[in-house]
Amino acid sequence: MKPAMETAAEENTEQSQERKVNSRAEMEIGRYHWMYPGSKNHQYHPVPTLGDRASPLSSPGCFECCIKCLGGVPYASLVATILCFSGVALFCGCGHVALAGTVAILEQHFSTNTSDHALLSEVIQLMQYVIYGIASFFFLYGIILLAEGFYTTSAVKELHGEFKTTACGRCISGMFVFLTYVLGVAWLGVFGFSAVPVFMFYNIWSTCEVIKSPQTNGTAAVEQICVDIRQYGIIPWNAFPGKICGSALENICNTNEFYMSYHLFIVACAGAGATVVALLIYMMATTYNYAVLKFKSREDCCTKF
């Protein structure tokens, strides 16, 4: 009986100690809630263990996202777009002003009769309107090619993903390839045509330099150095005077119209050359992307069957 009584006493002692501990803990919690009323509805969540935490390498960070975005940028199309916009802007802007200066030089010095250069004035005015159309068209076409470059580059970058190309998308890409080739050949002709006024103005400028050189002896020799603008075919042979010689030609070379028109034609020719280079880059980029998309579409068709 004694051991049983001792065991019961020990159990009662342990239960009383547990009650004291529980009551003390409840008192502490009640004291905390009384001091901080806003914490009554606070929910305590267990601290996740190391195994529950996500690894920092499993979720992509800012650097990985930036690298992924930069990987989808069509750099070739972007460079070609910048070069195309710059070249077309230089060609259209400088060519428009240079043509106006050329008409002023012809009217003041080489063709005093308005009827002689009336056709030339109409052609130059028409070319100025064509320049407006060229600038508008290539601004829109460059944006479309850049968007097409983003589309095809995204498709090429995700060849092994869930991205699927359509027949309509491949047809549009092929159409842009063909149109870019046609425009590239056309701009080669524009580049060659823009070199013609540069050649004409260079001949006039070189003739003026010969007049200014100290090797020219006497006034008679200077007056025998002439430039006949009628031989270029821009004004008819019956135009008056049509030919300027000696000091009068030197005075033309010293005018602001001649100086500005000559240098603007050079810049316009350089802009046409830059546009040709941009179209060549477009042709290479669009052809490569179209070929990869076509190969991918054939691969998808083979895997289905």
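Counting bonded cysteines along the chain, the disulfides of the protein chain follow the pattern 1-4, 2-3. A disulfide here is a pair of cysteine sulfur atoms within 2.5 Å. The model is a predicted one: local features need pLDDT of at least 70, side-chain atom pairs count only at pLDDT 80 or more, and totals for chains, interfaces and linings use all residues. Residues are numbered from 1 along each chain as its sequence is written, and side-chain values use heavy atoms, with hydrogens and water left out.

**The chain as a whole**

The protein chain has 8 helices and 2 strands. Both kinds of element are DSSP runs, numbered from the N terminus: helices are H or I with at least four residues, strands are E with at least two. From the N terminus on, the order is α-α-α-α-α-α-β-β-α-α.

Of the 305 residues, 33% count as buried. Buried means under 20% relative accessible area, exposed means over 50%, and partly exposed lies in between (1.4 Å probe, protein chains only). The chain exposes about 19,900 Å², and carbon and sulfur atoms supply 66% of that area. Accessible areas come from the Shrake-Rupley method with a 1.4 Å probe; for residues, only the protein chains shown count as cover.

Take the contacts in the protein chain with a separation of 6 or more: residues 24 or more positions apart account for 79% of them. A contact means heavy atoms within 4.5 Å.

**The two disulfides**

The structure holds 2 disulfides.

| Disulfide | S to S distance |
|---|---|
| Cys208 to Cys253 | 1.7 Å |
| Cys226 to Cys245 | 1.7 Å |

Start with Cys208 and Cys253. The torsion about their S-S bond is about 55°, so this disulfide is right-handed. Cys208 lies in helix H5 (residues 167-212) and Cys253 in helix H7 (residues 246-253), so the pair ties together parts that are 45 residues apart in sequence. Cys208 is buried, at a relative accessible area of 1%. Cys253 is buried too, at 10%.

Now Cys226 and Cys245. Their S-S torsion is about 110°, so this disulfide is right-handed. Cys226 sits in strand S1 (residues 226-228) and Cys245 in strand S2 (residues 243-245), so the bond ties together parts 19 residues apart in sequence. Cys226 is partly exposed, with 29% relative accessibility.

**Cysteines without a bond**

Cys84 is in no disulfide; the nearest cysteine sulfur, that of Cys92, is 9.8 Å away. Cys84 is buried, with a relative accessible area of 1%. The closest cysteine sulfur to that of Cys94 is also in Cys92, at 9.7 Å, too far for a bond. Cys94 counts as buried at 13% relative accessibility.

**One side of H7**

Which residues of H7 are buried? They are Gly246, Leu249, Ile252 and Cys253. These residues cover an arc of only 120° around the axis, which puts them on the same side of H7. The arc is that of the directions from the helix axis to the C-beta atoms.

**The largest pocket**

The largest pocket has a volume of about 520 Å³. On a 1 Å grid over the protein atoms alone, a pocket is an open set of points where a 1.4 Å probe fits, with protein on both sides within 12 Å along at least five of seven lines; lining residues have an atom within 4 Å of a point. Points are joined across faces, edges and corners, and the volume is the space filled by probe spheres set on them.

The lining has 23 residues, and the closest to the centre are Leu99, Met127, Phe193, Pro197 and Phe265. Helix H3 (75-110), helix H4 (118-157), H5 and helix H8 (256-304) each give two or more residues to the lining.
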